[in-house]
Amino acid sequence: MIKNDRQYRLTKSQLKTFEGSINASRNTPSPPGLDPKLAEANRQALESQAQELRADLEEYKALSEGRVKHFTVES
């Protein structure tokens with residue numbers, strides 16, 4: 001969970017890095033000897049992490065804009 005504007009900016013930066021890595025993995029052939037399944041698993045892991053970052057950014061934005069009136073605390 002993003003707790004302040006500084007963390008929001010850092011998370012946006014991390015997301016750009018992940019998106020760049022995802023695009024590179026799509027547009028660059030796998031190195032020789034690397035199992036294509038391993039390359040695909042790596043890309044999927046990057047996409048999963050990027051999705052989590054997008055969700056965190058959206059959650060913080062919704063909270064900071066007052067679009068969320070109630071939320072559930074998990075811990």
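Colleague: Which residue forms a salt bridge with Glu 47, and how far apart are the closest N and O atoms?

Modeller: Glu 47 pairs with Arg 26, and the closest N and O atoms are 2.6 Å apart; a salt bridge here is a side-chain nitrogen of Lys or Arg within 4 Å of a carboxyl oxygen of Asp or Glu. Glu 47 lies in helix 2 (residues 36-64) and Arg 26 in helix 1, so the pair ties together parts that are 21 residues apart in sequence, where helices are DSSP runs of H or I with at least four residues, numbered from the N terminus.

Modeller: Please keep in mind that this is a predicted model, where local features need pLDDT of at least 70 and side-chain atom pairs count only at pLDDT 80 or more, while totals for chains, interfaces and linings use all residues. Residues are numbered from 1 along each chain as its sequence is written, and side-chain values use heavy atoms, with hydrogens and water left out.

Colleague: How many salt bridges does the rule give?

Modeller: The count comes to six, and another of these joins Glu 40 and Arg 43 at 2.3 Å, N to O.

Colleague: Is Arg 43 buried or exposed?

Modeller: Arg 43 counts as buried at 16% relative accessibility, whereas Glu 40 is partly exposed at 30%; buried means under 20% relative accessible area, exposed over 50%, and partly exposed in between, with a 1.4 Å probe and protein chains only.

Colleague: Switching topic, what does Thr 11 touch?

Modeller: Leaving out residues up to four places away in sequence, Thr 11 touches Ile 2, Leu 53 and Leu 57, contact meaning heavy atoms within 4.5 Å.

How values were computed: Helices (H or I, at least four residues) and strands (E, at least two) are DSSP runs, numbered from the N terminus.
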